[in-house]
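Have the sequence and the 3D view open side by side.

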Amino acid sequence: MNIKSLLLGSAAALAAVSGAQAADAIVAAAPEPAEYVRVCDAFGTGYFYIPGTETCLRVKGYVRFEVQASGQDGAFNGDDRAWNARTRGLVTFDTKSDSELGTIGSTITVRSWADESSNSVELDEAFITVGGFKAGQMYNYWDTDLSGETDDLGSNRLNAIGYDYKSDAFFAGVMVDELTGFYSRTAANGGNPYGDNNRVGIEAQVGGSFGPVTATLLGAYDFAADDAAVRLIASADVGPGTLSVAGIYSTGASAYYDLSEWTVAAEYAAKITDKVSLTPGVQYWKNTNVDANGDYTDGDALRAGLTVDYKLVENLTTKLSVQYNKTDAENYWAGFVRLQRSF
C-alpha cells in the first residue's frame, strides 16, 4: 500500500507541474497589419500617400551626361581645349494636400553637377504653394523659352512671392522678386545698384490659347536698375511641327534682361517620327554693348543652329545640338551631345 500511495502521489505531482508550465507558456502576438503605399490620383500621375498621412508625394528627376564642344577660345575654364564632359543629377520632391485654404503644396529640388575641375550640390528650388499663391526660391516667368537650344530669352532664379491664375484657355500671374547681386552691374559712380534696399523687381504675364495659337506677353520692371523689359512668345501648330517666334525689348541692362536692347528669335520644332524631332532655330540681337550707366550702345550678334532629339526607349533620350555664333568680336561653332535618363 505504501508503494502504491507513493506512485499515485508522484503522478499527481507531475500533473500539477505540467499544468503550471502550460499556464506560463509564452504566446507570440499576431503581426499588426502593414500599411502599404497607396496611390494618390487626386493631383496627377506619380503621387502616392505618405504612410500615416493624407499628404501626397511625388519624386521625379533625371541623370544627364553630356559632352560639350566649342570653337571659342577659353570656353571651358579658360583652357585651350575644345571639349568638356559634364554630368548633372536632379531630384524633385513635390507634396500636395487638400485644406480649407485650397490645395497646399511644396516643392524641393536638389541639383548637382560635376566636370573634371569641380563639382557642386545646390538647392535648385524650394517654394510653397497655397491655391494660386506661391512663395520661396524659384525660377521665374523669364525662365520660359522656346523648345530648342538656339535661343536665349532670359532666366532668373530668385526669392519671390506671387499669384498665378489658370483656366482652360487663359492664364495670368504676377510676382514680386528680390533681385540679387548675381545679376548686378557697376553703376557710373562705381557703386552697385543692387547693394541697397531697392533691390526689388515686379513682373507680370498674361497669355492664352486661341485656336491653334498660344501667346504669352511678359513685362518686368527692375527698381534698382530703373529699367524695364517686355517679351512676347507665340507658337502655332503648322504642318508636322510647331512654329514659335519671340521678341524682347529692354530699356536698359537689368536683372531681367541684359543681353541687348532688342532681340527676335524663331524656331520650327518638327516631329519626324515618334522618336525623332528636328528643331532648327535662329536669333538676332541688336545693340549688345552696355555702358557704365546700363544703357545700350551698339553691337549685334547672331546665332543659328539645329537641335536633334531622339528617344531611345521610354525615359531614355539623346540630344544633339550644333550652333553657329557670330558677334562683333568672333565667329565660332558650339554644341553638345547629351544622354539623359528621366524618372
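In which strand does Phe48 lie? Phe48 belongs to strand β1, which covers residues 48-49. (Strands here are DSSP runs of E with at least two residues, numbered from the N terminus.)

A word on the ground rules. This is a predicted model, so to speak of local features takes a pLDDT of at least 70 and side-chain atom pairs count only at pLDDT 80 or more, while totals for chains, interfaces and linings use all residues. Residues are numbered from 1 along each chain as its sequence is written, and side-chain values use heavy atoms, with hydrogens and water left out.

Back to Phe48. Its relative accessible area is 27%, which makes Phe48 partly exposed (buried is under 20%, exposed over 50%, partly exposed in between, using a 1.4 Å probe and protein chains only). Setting aside neighbours within four places in sequence, Phe48 is in contact (heavy atoms within 4.5 Å) with Val37, Arg38, Val39, Cys40, Thr55, Cys56 and Leu57. Arg58 sits ten residues from Phe48 in sequence, and their C-alpha atoms are 6.6 Å apart.

| Residue | Phi | Relative accessibility |
|---|---|---|
| Asn287 | near 60° | 14%, buried |
| Asn315 | about 70° | 38%, partly exposed |

Where do you find Asn287? Look in the loop between β14 (276-286) and β15 (300-313). Asn315 is in the loop between β15 and β16 (316-327). Neither is a glycine, yet each has a positive phi.

Key
Helices (H or I, at least four residues) and strands (E, at least two) are DSSP runs, numbered from the N terminus.
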